[in-house]
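Here are my notes for you, as numbered points. Please keep the model open while you read.

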Amino acid sequence: MTVLTEGKHTAEFILSEGNGSISREEVTIDAAAGAMAAGTVVAKLANGKYTAYNNAGSGGAEIAAGVLYRAVHNLAVDQDAVIIARSAEVVNAELTGIDAAGKADLAALGIIVR
(Lines give C-alpha, C1' and ligand atoms only; values in the text may rest on other atoms or scores of the structure.)
Protein backbone atom coordinates (compact mmCIF):
# COMPACT_ATOMS: atom_id res chain seq x y z
CA MET A 1 0.00 0.00 0.00
CA THR A 2 1.36 3.39 -0.97
CA VAL A 3 1.55 5.97 1.79
CA LEU A 4 0.92 9.55 0.73
CA THR A 5 2.12 12.53 2.72
CA GLU A 6 0.39 15.86 2.30
CA GLY A 7 2.41 19.04 2.22
CA LYS A 8 1.46 22.19 4.08
CA HIS A 9 -1.85 23.73 3.10
CA THR A 10 -2.52 27.40 2.42
CA ALA A 11 -2.95 29.33 5.71
CA GLU A 12 -2.93 26.13 7.77
CA PHE A 13 -0.65 27.83 10.32
CA ILE A 14 -3.11 30.62 11.23
CA LEU A 15 -4.96 30.48 14.57
CA SER A 16 -6.52 33.92 14.12
CA GLU A 17 -6.03 37.09 12.11
CA GLY A 18 -7.49 40.58 11.97
CA ASN A 19 -10.82 41.35 10.29
CA GLY A 20 -10.90 41.51 6.54
CA SER A 21 -7.42 41.41 5.08
CA ILE A 22 -5.71 43.73 7.59
CA SER A 23 -3.22 41.00 8.55
CA ARG A 24 -2.15 40.33 4.96
CA GLU A 25 0.26 42.09 2.65
CA GLU A 26 1.02 41.54 -1.04
CA VAL A 27 4.77 41.17 -1.59
CA THR A 28 7.31 40.07 -4.19
CA ILE A 29 9.35 36.94 -3.54
CA ASP A 30 12.94 37.27 -4.80
CA ALA A 31 13.78 34.99 -7.74
CA ALA A 32 16.73 33.53 -5.79
CA ALA A 33 14.51 32.44 -2.88
CA GLY A 34 13.53 29.12 -4.42
CA ALA A 35 10.47 27.11 -3.43
CA MET A 36 8.88 27.83 -0.05
CA ALA A 37 5.98 26.12 1.70
CA ALA A 38 3.01 27.89 3.26
CA GLY A 39 4.01 28.86 6.79
CA THR A 40 7.61 29.74 5.91
CA VAL A 41 8.89 32.68 7.94
CA VAL A 42 10.05 35.35 5.50
CA ALA A 43 12.32 38.37 5.64
CA LYS A 44 12.46 41.59 3.61
CA LEU A 45 15.71 42.07 1.72
CA ALA A 46 17.44 45.39 1.09
CA ASN A 47 16.03 45.34 -2.48
CA GLY A 48 12.47 45.32 -1.06
CA LYS A 49 11.77 41.71 -2.09
CA TYR A 50 11.23 38.80 0.28
CA THR A 51 13.08 35.56 0.94
CA ALA A 52 13.13 32.85 3.61
CA TYR A 53 14.15 34.17 7.03
CA ASN A 54 17.64 33.19 8.17
CA ASN A 55 18.83 34.60 11.50
CA ALA A 56 22.46 34.02 10.40
CA GLY A 57 21.86 35.75 7.06
CA SER A 58 22.52 39.32 5.96
CA GLY A 59 21.02 42.01 3.76
CA GLY A 60 17.72 41.88 5.63
CA ALA A 61 17.32 38.07 5.61
CA GLU A 62 18.14 38.05 9.34
CA ILE A 63 14.97 39.92 10.38
CA ALA A 64 11.65 38.06 10.25
CA ALA A 65 9.01 40.18 8.50
CA GLY A 66 6.04 37.84 8.18
CA VAL A 67 4.80 34.36 7.31
CA LEU A 68 4.13 33.10 3.80
CA TYR A 69 0.38 32.57 3.33
CA ARG A 70 0.60 30.01 0.53
CA ALA A 71 3.41 28.06 -1.11
CA VAL A 72 5.56 29.49 -3.90
CA HIS A 73 7.35 27.34 -6.44
CA ASN A 74 10.95 27.61 -7.59
CA LEU A 75 10.37 29.41 -10.88
CA ALA A 76 13.70 31.30 -10.94
CA VAL A 77 11.74 34.55 -11.43
CA ASP A 78 10.28 37.07 -8.98
CA GLN A 79 6.82 35.99 -7.83
CA ASP A 80 3.86 37.79 -6.31
CA ALA A 81 2.81 36.35 -2.97
CA VAL A 82 0.80 37.11 0.16
CA ILE A 83 2.24 37.11 3.66
CA ILE A 84 0.77 37.49 7.12
CA ALA A 85 2.47 40.76 8.06
CA ARG A 86 0.68 41.87 11.26
CA SER A 87 -2.12 41.27 13.77
CA ALA A 88 -2.30 37.47 13.87
CA GLU A 89 -1.74 34.38 15.99
CA VAL A 90 0.14 31.51 14.33
CA VAL A 91 0.94 27.89 15.26
CA ASN A 92 4.61 27.36 16.09
CA ALA A 93 4.62 23.73 14.92
CA GLU A 94 3.29 24.74 11.49
CA LEU A 95 6.00 27.35 10.79
CA THR A 96 9.13 26.68 8.76
CA GLY A 97 12.35 28.44 9.73
CA ILE A 98 11.26 29.86 13.07
CA ASP A 99 13.67 30.42 15.98
CA ALA A 100 13.66 32.53 19.16
CA ALA A 101 14.94 35.66 17.38
CA GLY A 102 12.35 35.20 14.63
CA LYS A 103 9.59 34.89 17.23
CA ALA A 104 10.71 38.18 18.76
CA ASP A 105 10.77 39.86 15.33
CA LEU A 106 7.26 38.61 14.58
CA ALA A 107 5.96 39.66 18.00
CA ALA A 108 7.13 43.22 17.28
CA LEU A 109 4.82 43.10 14.22
CA GLY A 110 1.87 41.83 16.25
CA ILE A 111 2.27 38.24 15.02
CA ILE A 112 2.12 36.03 18.09
CA VAL A 113 3.57 32.52 17.83
CA ARG A 114 1.61 30.04 19.95
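Is valine 91 buried, partly exposed or exposed? Point 2 gives the reply, after a word on the model.

1. How to read the values. This is a predicted model, in which local features need pLDDT of at least 70, side-chain atom pairs count only at pLDDT 80 or more, and totals for chains, interfaces and linings use all residues. Numbering starts from 1 along each chain as its sequence is written, and side-chain values use heavy atoms, with hydrogens and water left out.

2. Valine 91. With a relative accessible area of 22%, valine 91 is partly exposed; buried means under 20%, exposed means over 50% and partly exposed is in between, with a 1.4 Å probe and protein chains only. You will find valine 91 in the loop between β7 (88-90) and α1 (100-108). Here helices (H or I, at least four residues) and strands (E, at least two) are DSSP runs, numbered from the N terminus. Not counting residues up to four places away in sequence, valine 91 touches Phe13, Leu15 and Arg114, where contact means heavy atoms within 4.5 Å. Glycine 18 is 73 residues from valine 91 along the chain, and their C-alpha atoms are separated by 16 Å.

3. The chain as a whole. The chain has 1 helix and 8 strands, in the order β-β-β-β-β-β-β-α-β along the sequence. Its radius of gyration is 14 Å, close to the 13 Å from the globule rule for 114 residues, so the chain is as compact as a globular protein of that length. That radius is taken over C-alpha atoms, and the rule is 2.2 Å times the number of residues to the power 0.38. Along the principal axes, the C-alpha trace spans about 50 × 30 × 30 Å. Buried residues make up 37% of the 114 residues. Of the contacts between residues at least 6 apart in sequence, 60% join residues at least 24 apart.

4. Strand β3 and its partners. Do have a look at β3 (residues 41-44), which pairs with β5 (residues 64-68) in the antiparallel sense over 3 bridges; a pair requires that DSSP finds at least two bridges between the strands. In this pairing valine 42 stands opposite glycine 66. β3 also pairs with β4 (residues 50-52), again antiparallel and over 3 bridges, with lysine 44 opposite tyrosine 50. The hairpin of β3 and β4 has 5 residues between the strands, and glycine 48 takes a positive phi near 90° there.

5. Threonine 51. This residue of β4 is buried, with a relative accessible area of 14%. Leaving aside neighbours within four places in sequence, threonine 51 is in contact with Ala33, Met36, Val41, Val42, Ala43, Leu45 and Ala61.

6. Isoleucine 63. In the loop between β4 and β5 sits isoleucine 63, partly exposed at a relative accessible area of 47%. Beyond its neighbours within four places in sequence, its contacts are Val42, Ala43, Lys44, Tyr53 and Asp105. Isoleucine 63 and alanine 108 are 45 residues apart in sequence, and 11 Å apart in space from C-alpha to C-alpha.

7. Glutamine 79. My last stop is β6 (residues 79-84), where glutamine 79 lies. Glutamine 79 is buried, at a relative accessible area of 12%. Apart from neighbours within four places in sequence, glutamine 79 is in contact with Val27, Thr28, Ile29, Val72 and His73.
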